[in-house]
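Biologist: Could you walk me through some of the charged side chains in this one?
Modeller: Gladly, let me put it up for both of us.

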Amino acid sequence: MTENATAISTSLRARLLRWLLLPGLMLAFGLLAKNYLTVSEMANRIQDRLLVALAVTISEHAINSRGDLLSRDIELLLEQFTRENTYYRVQGPDGAFVTGDSGLPRLPDGVTLEPGVPHFYNAHYRNEDVRAVTMKYLVSNPSSNIYGWVTIDVSQTRRERDNLIYDELLGSTTDFLVLMFLGGVFAWIGVSRGLAPLRRLQQAIRRRSTDDLRPIRHAMPKEVTEVVRSLNALLARLESSITANQRFIADASHQLRTPLATVQAEAEWALRNASDQQDRQALERIVSQTRQTARLANQLLNLARVSPEGRKAVRYEKTDLLALAASVTSGMVRYAIRHDIDLGFDDQSEGMNCEIETGNEVLLQEMLGNLIENAILYGTPGTIVTVRVIGRGVAVGPVLEVEDNGPGIPEKDRDTVLERFVRLDEQNGQGCGLGLAIVKEVANAHQAVMSLEDGKDGVGLKVRIAFPR
């Protein structure tokens with residue numbers, strides 16, 4: 001079964017329409033069958049009464065005319081009146097043939113005629129289906145040459161009768177099809193309106209960011225309320241679990257910072273005073289690993305701080321992105337020089353406003369610091385790193401860019417590197433795989449759009465943070 005077929009079979013709308021329309025179709029077919037039987041019965045009843053009247057009229061004519069056939073004028077009149085071919089046969093006492101069509105079908109075997117009581121039956125005559133009636137009655141006029149029990153048979157084709165039933169059935173079927181179509185349209189509209197709360201719920205969930213675990217407050221029909229309540233309970237448990245994990249990480253990172261700083265200071269002191277070459281090499285490895293571990297602890301603490309739970313106590317206010325970027329860049333120039341990196345600042349505000357309406361300076365400084373530090377740590381000596389701020393336009397907010405001409409990140413890996421603890425260059429022991437994850441969290445907190453692009457002339461990497469208007 002294909003994915004689309006599975007989706008259709010599990011669609012709530014399809015299920016509701018199926019349960020609404022199938023009983024309707026079955027009811028329509030039942031009503032059509034009942035209508036067919038009713039119309040057939042009424043047509044037969046009318047035609048049978050007409051046959052009896054014809055039988056009486058024809059028999060009286062035969063008796064009064066002493067056995068003559070009906071005149072051609074009367075036969076044409078009968079045909080025009082009934083629109084059917086009519087055949088008759090009159091038999092005298094003891095079954096003697098008097099007049100009419102001698103080849104008419106006989107009364108079915110086993111049927112006993114009661115005087116004056118007509119007996120109807122279906123037969124086949126002259127290659128057509130006919131409706132027939134046979135009745136007998138007593139002729140007591142001594143002046144007639146026919147005296148005694150007379151039997152009259154009248155048969156009539158069924159064309160007009162069948163046409164009447166067919167026309168009635170066709171009309172009923174057309175009416176039912178129109179009603180079913182209108183019923184289907186109204187059912188579709190009704191189901192769509194009935195499912196509207198579910199669509200609103202879907203849109204409300206879809207609009208949320210991945211870190212938005214607030215309870216759903218939308219008013220829902222009582223059939224969906226229980227589902228929403230269960231979903232809110234799940235969100236609450238998930239938020240509690242995430243909060244506990246973030247708190248544990250923050251506490252552990254905080255507790256590790258002091259002993260790590262102590263170990264690093266002791267190792268650096270020992271390195272400065274060590275004279276043996278092997279001791280120096282071992283101490284250099286200890287210092288390097290201690291610095292890396294301390295950086296990891298700091299990054300974990302920063303990540304916990306910028307996570308949704310950590311941001312709950314953060315205060316947002318109007319922030320000048322241009323001044324903040326210039327200050328952070330200036331503060332990291334010495335760090336860049338130590339790594340032989342050319343760090344610069346490019347003001348492209350062109351006098352336009354660069355303020356972020358709801359920003360947090362601490363988080364934004366953390367974000368920009370991580371971007372610059374990443375560019376420095378993963379760049380080679382001589383790499384040029386440029387921090388750029390573009391002023392706010394009519395439809396867009398200010399934009400922060402950090403561009404370098406370093407090794408860059410392949411396009412296929414640019415989504416992956418935003419995940420935590422993902423490092424493309426495992427040989428570079430200075431990174432811990434959390435820098436871009438922190439940047440992404442801060443961008444999400446400011447509802448900014450973060451993108452990784454090629455640097456100038458396709459060389460290096462440009463990280464672009466576009467803030468909302």
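This is a predicted model: local features need pLDDT of at least 70, side-chain atom pairs count only at pLDDT 80 or more; totals for chains, interfaces and linings use all residues.

Modeller: Residues are numbered from 1 along each chain as its sequence is written, and side-chain values use heavy atoms, with hydrogens and water left out.

Biologist: OK, where does E84 lie?
Modeller: E84 sits in the loop between α3 (72-82) and β1 (86-91), where helices (H or I, at least four residues) and strands (E, at least two) are DSSP runs numbered from the N terminus.

Biologist: And is E84 buried or exposed?
Modeller: E84 is buried, a label for under 20% relative accessible area, with exposed meaning over 50% and partly exposed in between (1.4 Å probe, protein chains only).

Biologist: What does the side chain of E84 make a polar contact with?
Modeller: It makes one with the side chain of T157, at 2.5 Å; a polar contact is a pair of N or O atoms within 3.5 Å, where within protein one must be able to donate a hydrogen and the other to accept it, and residues adjacent in sequence count only if both atoms are side-chain atoms.

Biologist: Switching topic, how many salt bridges does the structure hold?
Modeller: There are 18, and one of them joins the side chains of R291 and E268 (2.9 Å, N to O). R291 belongs to helix α7 (residues 277-306) and E268 to helix α6, so this pair ties together parts that are 23 residues apart in sequence.

Biologist: What about R229 and E226?
Modeller: Their side chains also meet in a salt bridge, at 2.5 Å from N to O, and both residues lie in helix α6 (residues 222-273), three residues apart, about one turn of the helix. R229 is partly exposed at 48% relative accessibility, as is E226 at 45%.

Biologist: Which residues are linked in a network of salt bridges?
Modeller: D346, R388, E401, E403, E453, K462 and R464 are linked in that way.

Terms used. Lys and Arg count as positive and Asp and Glu as negative; His and the chain ends are not counted. A salt bridge is a side-chain nitrogen of Lys or Arg within 4 Å of a carboxyl oxygen of Asp or Glu.
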